[in-house]
Amino acid sequence: MDQERTTAAVQRHLDQLAGDAPAAPAVRALLERAADRLHHLCAALLHRSYPRLTRPPLNLQADELLGAVVERLLKALRRARPGTVRQFFALAGQHMRWELNDVARRLDEQPAAVGLRDGLVPAPDGSDSGLSAEGRRMLEVIGNLPADEREAFDLVRLQGLTQAETPSTWAASAMTVSRRLKSGLQLLAEALGDLRPDENRTGPNRTPPVEGRRDHG
């Protein structure tokens, strides 16, 4: 029920933004009303797909990520005018990924040895603190999926929504979400199948490796 109320309220603010109302107040009202869901999505994406950023030396928190994403959306919504709740959260998800990828890239570019500071030691060679060429390729392939497949994969596999929760954000039936997700997974398996031995290749019903998850090397 809360999700339905949020969806309806967000749509009203989007309608105001598309009309003759002053843009700045409409954008602020939109972001304030969507804040709880945006925070949930930030936390899910951060801890599910980028857990290394929550550990030292960054210790990134969902509140910090949300603040950065809101800043990005304030700038993006000066030009972009998403007409539906689905389009708005797709835009927000895109900026979440961009922000996390920028944070990860800056971390990767730091010198490996920074000395002892604040009781921290540099990560040892072979840890998961760096983003490999394979990891960058995976992110690129995910970003190049067709829009519907990319959005379904993003909501379910990256942001951690269940397929039952996704329709309220995506304005699509659970069956459509499932179909798009399976299609996206198949495309990812075909594009990334060479990254694993034949017996362990990602199948159409398995998630390909995503940045930051230790068990995906």
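These legends go with a set of close-up views of one predicted model. Residues are numbered from 1 along each chain as its sequence is written, and side-chain values use heavy atoms, with hydrogens and water left out. As this is a predicted model, local features need pLDDT of at least 70 and side-chain atom pairs count only at pLDDT 80 or more, while totals for chains, interfaces and linings use all residues.

**View 1. The largest nonpolar core.**
Here we look at a core of 31 residues. A nonpolar core is a set of buried Ala, Val, Leu, Ile, Met, Phe, Trp, Tyr and Cys residues joined through side-chain atoms within 4.5 Å. Buried means under 20% relative accessible area, exposed means over 50%, and partly exposed is in between (1.4 Å probe, protein chains only). The residues with the most contacts inside this core are Leu38, Leu53, Leu73, Leu77, Phe88, Met96 and Leu100. Two or more residues each come from α1 (2-18), α2 (23-49), α3 (62-76) and α4 (85-109). Those labels follow DSSP runs, numbered from the N terminus: helices are H or I with at least four residues, and strands are E with at least two. There is also a second, separate core of twelve residues, with Ile142, Phe153, Leu181 and Leu192 among them.

**View 2. Phe88 and its ring partner.**
Zoom in on Phe88, and set aside its neighbours within four places in sequence: it is in contact with Val10, Leu14, Leu30, Leu31, Ala34, Leu38, Leu77 and Pro82. Contact just means heavy atoms within 4.5 Å. The structure holds one aromatic pair. Its rings belong to Phe88 and Phe89, with centres 5.0 Å apart and planes at 70°, so the pair is edge-to-face. For the record, rings of Phe, Tyr and Trp (its six-membered ring) pair if their centres lie within 6.5 Å; planes under 30 degrees apart count as stacked, over 60 as edge-to-face and the rest as tilted. Both Phe88 and Phe89 are buried.

**View 3. Leu53 in its loop.**
Leu53 sits in the loop between α2 and α3, and it is buried, with a relative accessible area of 0%. Leaving aside neighbours within four places in sequence, Leu53 is in contact with Leu46, Leu58, Asn59, Leu60, Leu100, Val103, Ala104 and Leu107. Val103 is 50 residues from Leu53 along the chain, yet their C-alpha atoms are separated by 8.0 Å.

Side chains of opposite charge can pair when their charged atoms come close. A salt bridge is a side-chain nitrogen of Lys or Arg within 4 Å of a carboxyl oxygen of Asp or Glu, and the whole structure has nine. This one joins Asp108 and Arg52, whose closest N and O atoms are 3.4 Å apart. Asp108 is in helix α4 and Arg52 in the loop between α2 and α3, 56 residues apart. Arg52 is buried at 4% relative accessible area, while Asp108 is partly exposed at 23%.

**View 4. A salt-bridge network.**
Arg86, Asp148, Glu149, Glu151 and Arg180 are linked in a network of salt bridges. Arg86 pairs with Glu151, the closest N and O atoms being 3.1 Å apart; that links helix α4 to helix α6 (residues 147-158), across 65 residues. Arg86 is partly exposed at 24% relative accessibility, and Glu151 is buried at 12%. Asp148 pairs with Arg180, with 3.4 Å between the closest N and O atoms. These two are 32 residues apart, with Asp148 in helix α6 and Arg180 in helix α8 (residues 174-192).
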